[in-house]
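This briefing is for a reader new to the structure shown below. It covers confidence, salt bridges and a few selected residues.

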Amino acid sequence: MIPKVFKEVIDLGDGREISIETGKLAKQAHGSVVVQSGKCMLLCTVVSNYKQSDVDFLPLTVDYREKFAAAGRYPGGFFKREARPSDGEVLTMRLVDRVLRPLFPKDYHSETQVMIQLMSNDEEVMPDAMAGLAASAAIQLSDFPFECAISEARVGRINGEFVINPTRAQLEESDIDMMIGASADSVMMVEGEMDEISEEEMADAIKFAHEAIKVQCAAQLRLAEAFGKKEVREYEAEREDGELAKKIHDLAYDKVYAIAKAGSSKHERSASFAAIKEEITASFSEEEIADFGDLISKYYNKAEKAAVRDLTLKEGLRLDGRKTNEIRPIWCEVDYLPSTHGSSIFTRGETQALATVTLGTSRDANKIDMPSYEGEENFYLHYNFPPFCTGEARPIRGTSRREVGHGNLAQRALKGMIPADCPYTVRVVSEVLESNGSSSMATVCAGTMALMDAGVQMKKPVSGIAMGLISDSETGEYAVLSDILGDEDHLGDMDFKVTGTADGITACQMDIKVKGLSYEILVNALQQAREGRLHILKKLTDTIPAPAADVKPHSPKMVTRTIPNEFIGALIGPGGKVIQELQKETGTTIVINEDPVTEEGIVEILGTDQNGIDAVLAKIDSLMFKPQVGSVYEVKVIKMLDFGAVVEYAEAPGNEVLLHVSELAWERTENVSDVVNMGDVFDVKYLGVDPRTRKDKVSRKALLPKPEGYVERPPRNDKDRGRGRDDRRGGGRDNRDRKPRRD
């Protein structure tokens with residue numbers, strides 16, 4: 001039976017469109033759609049168990065995978081099968097998860113899975129920009145309890161004009177690359193990188209993307225209506241007890257308020273709050289605890305949240321005693337680790353990051369091999385968040401999605417300030433040693449100083465700050481918090497991280513938890529963030545005012561040299577023999593890349609010893625040495641032969657040529673050693689390529705005066721030379737015609 005297909009089309013302008021289709025594939029899922037733009041097709045399916053899980057959170061899994069078959073390719077590596085997700089796939093999962101998760105009811109705890117797969121690739125369409133749309137569209141077709149339709153869109157700016165979901169080629173020309181997630185009413189998520197734009201420009205980009213998202217949300221609703229929107233499923237909601245909630249609020253509120261107002265450290269504050277909770281729990285009987293234990297904990301947390309928020313809104317004070325725009329104490333240090341190429345420590349309050357820099361060749365670039373994109377990164381940053389940094393003990397099972405996301409944010413913040421002519425591949429690693437509020441921004445600050453310490457000539461230093469927001473929808477009061485704590489991140493209405501130079505924003509990440517946040521509040525928050533960024537930036541430049549003039553003595557020096565492609569083979573040698581021996585002799589690393597545009601070879605020479613680098617450069621100069629016809633060159637005898645001497649050009653060591661015995665002197669030379677000997681240095685004239693031997697020809701006698709009475713011997717032609725050889729063998733043609741002698 002032919003399936004009934006339902007379809008909606010969204011016009012993106014410029015002849016581009018996105019279609020959302022359902023009814024053909026994966027019909028046993030609770031919701032499924034195919035989203036297509038050009039040749040790019042995403043299949044999204046959603047499933048949620050009907051039985052509530054025995055947990056107090058939403059067990060939501062967002063999974064995004066790109067199939068290599070979608071691009072007509074095989075997976076790389078030994079096993080020809082897709083395995084663990086790449087960093088790019090993980091980043092897309094996070095983008096979608098951050099928008100979807102807040103829209104499920106807080107008491108909905110059923111195992112829920114959103115699976116998005118790239119089924120067909122288009123080189124010019126970036127699939128991550130449609131992943132949020134696909135996820136929401138599939139949920140709209142399901143019976144999940146979900147607040148409203150959302151979508152995500154990428155916005156770029158080319159020549160001052162905003163573009164929705166730019167092509168990959170357009171993005172190369174754009175000074176903005178931002179992903180915005182929103183419903184028709186509210187912006188919920190922002191993440192991206194920019195080329196030092198202003199706060200107002202950033203707000204304008206968000207507004208532009210939001211208008212496009214409204215159209216995409218409307219298309220989802222039309223599709224759901226045509227398909228037949230299902231009734232929202234019933235589920236066992238969490239029980240509530242208003243009387244118990246009021247009792248716990250009355251017991252906890254004033255005590256929490258007092259401790260919060262006292263302004264203490266993280267551990268002191270946590271211990272005090274835990275003591276209040278324990279005291280309140282102890283006031284109930286064992287029977288009551290058995291019946292209401294989960295509610296007691298839940299209502300205490302609500303009372304604690306209310307007290308902390310009210311303290312900030314009413315008195316402008318925060319958990320650690322700071323004012324809303326105050327930054328925690330900062331201390332910095334560079335060149336801390338003696339063996340690294342660059343290092344720094346950045347400590348802000350109870351957050352600390354230790355950053356290291358390693359310099360390498362293009363061989364050390366980070367290779368990206370995804371169905372939707374192949375390339376490499378010559379600057380990349382890795383972020384590690386070990387459990388001890390928060391005083392916890394837990395098993396380490398690989399790199400977490402959070403570590404991938406935070407590292408990517410810091411990388412995007414810094415990469416625009418790495419000069420295009422930086423000869424190195426640069427790797428930054430951030431080890432978070434303490435954490436209580438935005439270790440990713442500490443990573444940006446530590447990374448800036450470590451890069452400058454390593455001698456990377458950054459265009460401008462970059463700093464970052466994490467901001468928060470506490471608002472009251474009833475009164476309209478709000479407070480923007482600079483340099484938030486971990487607790488303030490959890491209790492607040494918005495968490496946004498902004499990085500930039502003194503001249504503008506380079507990256508941002510925002511998660512907005514309240515509906516209908518006005519752009520006025522957003523711009524005010526961004527302006528306050530700028531003040532904080534500049535304050536932190538001064539601390540960085542006070543520690544290290546400018547990049548080191550050169551790399552450290554133990555760091556590798558990098559020199560690049562361009563050579564014509566015709567000389568690459570000679571430098572490599574048969575089976576790589578020449579280049580391998582050269583690397584061993586000089587203690588360098590030599591990498592050769594061919595530039596397909598200029599058709600030249602780019603030779604990278606990396607080494608700690610300048611003498612070794614100079615030796616490699618001399619070898620390259622020698623290989624590329626081309627003598628000019630008629631020019632005179634100094635040579636040295638390096639080998640004696642019966643028919644001449646092998647000489648080496650003084651200005652191109654290793655470049656050899658045969659000086660034939662006939663070119664030693666005007667007089668007839670019986671023995672080569674009668675004229676020259678090993679090690680002799682003299683001048684020769686380059687005569688060009690001998691047409692008979694097709695080899696270079698040089699002459700010593702051409703620079704000597706002819707002897708008095710010298711008579712030039714007439715050259716013999718080929719016919720004469722042939723007759724002479726025949727005569728020596730016993731005759732000419734007649735001799736060849738003789739019958740063979742019979743024994």
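A salt bridge here is a side-chain nitrogen of Lys or Arg within 4 Å of a carboxyl oxygen of Asp or Glu. By this rule the model, which is predicted, has 43 salt bridges. One of them joins Glu193 and Lys415, whose closest N and O atoms are 3.4 Å apart.

**Confidence**

- The protein chain has a mean pLDDT of 89, and 96% of its residues reach 70 or more.
- Residues 721-743 have a pLDDT below 50, and this stretch has seven contacts in the model beyond near neighbours in sequence.
- Where pLDDT is low, the predicted coordinates should not be read in detail.

- Glu193 counts as buried because its relative accessibility is 18%, and buried means under 20%.
- Lys415, at 36% relative accessibility, counts as partly exposed.
- Both residues belong to a network of salt bridges that links Asp128, Arg154, Asp177, Glu193, Arg412 and Lys415.

**Other salt bridges**

- Lys255 and Glu279 form a salt bridge in which the closest N and O atoms are 2.8 Å apart.
- This pair links distant parts of the chain, with Lys255 in helix H5 (residues 242-262) and Glu279 in helix H6 (residues 266-282), 24 residues apart.
- Lys255 is partly exposed at 35% relative accessibility, and Glu279 is also partly exposed, with a relative accessible area of 46%.
- A salt bridge also joins the side chains of Asp63 and Arg65, at 3.2 Å from N to O.
- In that pair, Asp63 is buried, with a relative accessible area of 12%, whereas Arg65 counts as partly exposed at 24% relative accessibility.

**Positions listed as a binding site**

- An unreviewed UniProt entry lists Asp489 and Asp495 for "binding site".
- Asp489 lies in helix H10 (residues 486-491), while Asp495 is in strand E20 (residues 494-501).
- Are these residues buried or partly exposed? Asp489 is partly exposed, with a relative accessible area of 29%, and Asp495 is buried, with a relative accessible area of 7%.
- Leaving aside neighbours within four places in sequence, Asp489 is in contact with Ile484, Asp495 and Lys513.
- With residues up to four places away in sequence not counted, Asp495 touches Met467, Ile484, Asp489, Gln509, Met510 and Asp511.
- The side chains of Asp495 and Lys497 are joined by a polar contact of 3.0 Å.

**Asp595**

- Asp595 lies in strand E23 (residues 589-595) and counts as partly exposed at 21% relative accessibility.
- Apart from its neighbours within four places in sequence, Asp595 is in contact with Glu600 and Ile602.
- From C-alpha to C-alpha, Asp595 and Arg239 are 67 Å apart in space, and they are 356 residues apart in sequence.

Terms used:
Residues numbered from 1 in each chain as written. Predicted model: local features only at pLDDT ≥ 70, side-chain atom pairs only at ≥ 80, totals over all residues. Heavy atoms only, no water. pLDDT = per-residue confidence, 0-100. Contact = heavy atoms within 4.5 Å. Buried < 20%, exposed > 50% of the residue type's maximum accessible area, 1.4 Å probe, protein only. Helix = DSSP H or I, 4+ residues; strand = E, 2+ residues; numbered from the N terminus. UniProt positions renumbered as here; feature names shortened; annotations may be inferred. Polar contact = N/O pair within 3.5 Å; in protein donor to acceptor, adjacent residues only side chain to side chain.
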